[in-house]
Amino acid sequence: MSRHEIPGKKMAYQKVNADKRTPGNSQYLDNDDLQATALDLEWDMEKELEEPGFDQFQPHGAENQNLGHPGTADLNLESIQPATSPKGRFQRLQEESDYVTHYTRSVPKSNRCNFCRLLKIFLPATILFIFGILIGYYAHKNCPSNATSSGTGDPQLYQEILKAIQAEDIKKSYRKLVQLYKSEDGMEISKHLKTQWTSLGLEDVKFVNYSVLLDLPGPSPSTVILRSSGQCFHPNGQTCGKEVRGNSSQDLLYSYAAYSAKGTLEGEVIDVNYGSVYDLKAIKRMREVTNEIALLKLGKLPLLYKLSLLEKAGFGGVLLYVDPCDLPKTTNLTYDAFMVSLNPGGDPSTPGYPSVDGSIRQNRSNLTSLLVQPISASLVAKLISTQEDRIKNGVCRPFRITNNEKRIVNIQIQTVSKFKTISNVCGHLKGSASPDRYIVVGSHHRSAYSYNGQEWASSTAIITTFIQALMLRVKRGWRPDRTIVFCSWGETAFGNIGSYEWGEDFKKVLQKNAVAYVSLHSPIRGNSSIYPVASPSLQQLVAEKNNFNCPRRAQCSGNNVSSVQIQGDADYFINHLGVPTVQFVYEDINTLEGPSFLSEALFPKRATKIEDMDPLFNLHETIAKLSGEVILQIANEPVLPFNALDIALEVQNSLKAYLPSIPQVLAVASRLRESAELFQSDEMRPANDPKERTPIRVRMLNDVLQDMEKNFLVRQVPPGFYRNILYHLDEKTRQFSILMEAWERSRLLPLNETHQDALSEVFNSIHTAQVHLQAGLDVFESVFVGKN
């Protein structure tokens, strides 16, 4: 497969054994075509009725569609419970062969010879019958059946596949990957994955390579010099010139901010706390900050957003740290520095387009004018000369520089920008019924240096073990309805570069054909609680799987499935493709209770950390089975298990949490909910009933459901914020993130137009979604009325 060939270009949708008596080409109903003529849609689906596998379905008569608005705008949704809410999940009609045996024989001429004739016929027939049964039994037992789709959401089949996922297999795969970690360029791991996935039977496993611009450490670590004493420190607080042993030397080199400005800066250290709009306004009232150095805590808000505020305020540099008070008591990172990436996503030299041969390269080695240097908490303590006990009466006291303190430091940052070829490893399992509809499953493999310990190895071991279990069933003749694409991404730590470049390369194909993304990014971060994150349309499905599969030893989150911003390679699929996404992660409860966005810091850790958290790899097995069942259900259910009504309810809840009254936005949200209720009851509920279900309804339902979230991608957002406004900043934020940020800024800055711009973006998104659903309802009505 060439680089321009998506794993799945060979999956291009083709009609199989279709009756070709009708001229023209049949195409899938796209989002942009929802208001196309009913005759075109009807013709296309009538061809589907003639295909093998659909001949048992017969379209029913038109149903009475109530497309008008209900009498009351505020409908009572308490009656719609998750267990009974129409979610588009149903069992495809299973046909059983009706065997009718016809016995015919001549009327006997006389009673005298009747017995003899019967005996001559009966004995040989009985012997042949028994012999035939024996042959048929052993032939069926020893010979595999032909490859077919299950044709239905079959829980028993899913459990058969998931049962083959074993903790011991994940452990073996994990340890093999950790052994390959010694390779400096990471290619050994990529080659290993390609070889292993191919041997398991995955189809068309290929390297997909891109030449991208990376910002790598320089020949020596960065330094911070305190001018008053002349003392020189490395980012972890260690004195310069002191002998460094073992892995610490590499840790020092990789304690940096990728794509920061380079050079030397001397200035006063100004404590800006978390760097919010409030923090900066309070500081600017008291002092001049031009070309000074901000002491900034990580957390609470996206780092790129806070850096944009500091840059706009006039700061020249940033010392970035994680306050120990924000970490669980059992976590001690006082002497550890870390890496961050200032890259919002993809190759910086080709923003918005893929890094393929011939692409025009831009000079963007620095993505900010700020000199940004991550430092350890121990170095912060030295810079502010604190001798106080930070733990008093069991309460942790955060770092603060008092107003009468003045600290001038010199920071020196040297990094090297260079082009490097990165590799994604991608393969697929082609679907039988809808091969041009893709469920993308993503893990990631290591960078040139390992961050966050061996979480990448957990990610890759889980996806490999799931592929192994899946292909065991495929070899026995089964295939999913839709194609499953498996990818292991390269250079995630530098800004999800591998997944972004692949997504940009195949953007047009994925916009039309990608159905869902299942993320396996860093699945084991703790061992106390399963933490599921999913798009609103997938929350019911994820909650069901989480409740059913939750181990007793874990404190599961129940129905509290979140739609919040997450780290990792799901970013492109959420923010540029509007693809419904799901991710299961094991976390520590104490970590979840702390500030958000601390995971932006990538700490080098030892390989033993993962096995300390999960020595038997039972947590890995749980994540693999939870993710696997969701993958199977999305790939194989005739109607996609997405819930449009949950999106409408999420929109209303986000607006209710917003303080200012915005009647026009609330009104359009109410109309969206009404359309979603009609769509769920009039179109999706009949799809759950085999007596009412028709292939044309299934086809159009999936087209509407697949494109629903694309309506919520807005054009402009603050740096670090999601373009998909259905996702909140964190668990504590219920309102739309862009409205929250714009409202806070408008309260501080006079004549600020950002608030109105954000309101307009939200209003237009909700309106577009409502039109999308209503157009789907209109098409349904036109098609079924036209058939009568």
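**The core and its surroundings**

Guide: In this predicted model, the largest nonpolar core has 181 residues, and those with the most contacts inside it are L310, F315, F486, W502, I634, F679 and I766. Helix 10, spanning residues 455-474, gives this core its largest share, eleven residues. A second, separate core has 22 residues, with L226, I375, V380 and I413 among them. As a general background, nonpolar side chains tend to be buried together in soluble globular proteins.

When neighbours within four places in sequence are left aside, I766 is in contact with V651, L655, V665, V668, A669, L672 and F712.

Helix 10 also holds S459. The relative accessible area of S459 is 0%, so this residue is buried, the limit being under 20%. Not counting residues up to four places away in sequence, S459 touches S443, H444, L520, H521, S522 and P523.

Seven strands form an open, mixed sheet in the order 2-14-17-15-18-20-19. Its edge strands are strand 2 (203-217) and strand 19 (529-534), each of which pairs on one side only. On average, and with direction ignored, neighbouring strands of this sheet are turned by 20° against each other. Within the sheet, strand 18 (residues 514-519) and strand 20 (residues 581-587) run parallel and are joined by three bridges. V518 stands opposite V582, the latter in strand 20.

Helix 5 (residues 187-200) lies across strand 2, strand 14 (415-429) and strand 17 (482-489), and its direction is at about 165° to strand 2. Helix 17 (residues 618-636) lies across strand 15 (434-444), strand 17, strand 18, strand 19 and strand 20, running at about 170° to strand 20.

The loop between helix 17 and helix 18 (644-656) contains P641. With a relative accessible area of 1%, P641 is buried. Its C-alpha atom is separated by 9.4 Å from that of V630, although P641 and V630 are eleven residues apart along the chain.

The structure holds 14 aromatic pairs. In one of them, the ring centres of Y321 and F399 are 6.0 Å apart and the planes stand at 70°, so the pair is edge-to-face, for which the angle must be over 60 degrees. Y321 belongs to strand 8 (residues 317-321), whereas F399 lies in the loop between strand 12 (395-396) and strand 13 (408-413); the pair therefore ties together parts that are 78 residues apart in sequence. Both partners are buried: Y321 has a relative accessibility of 0%, and F399 has one of 4%.

Methods. Residues numbered from 1 in each chain as written. Predicted model: local features only at pLDDT ≥ 70, side-chain atom pairs only at ≥ 80, totals over all residues. Heavy atoms only, no water. Core = buried A, V, L, I, M, F, W, Y, C linked by side-chain atoms within 4.5 Å. Buried < 20%, exposed > 50% of the residue type's maximum accessible area, 1.4 Å probe, protein only. Helix = DSSP H or I, 4+ residues; strand = E, 2+ residues; numbered from the N terminus. Contact = heavy atoms within 4.5 Å. Phe/Tyr/Trp six-rings, centres within 6.5 Å; stacked < 30°, edge-to-face > 60°. Pairing = 2+ DSSP bridges. Axes fitted to C-alpha atoms, helices over the stretch in contact; angles between N-to-C directions.
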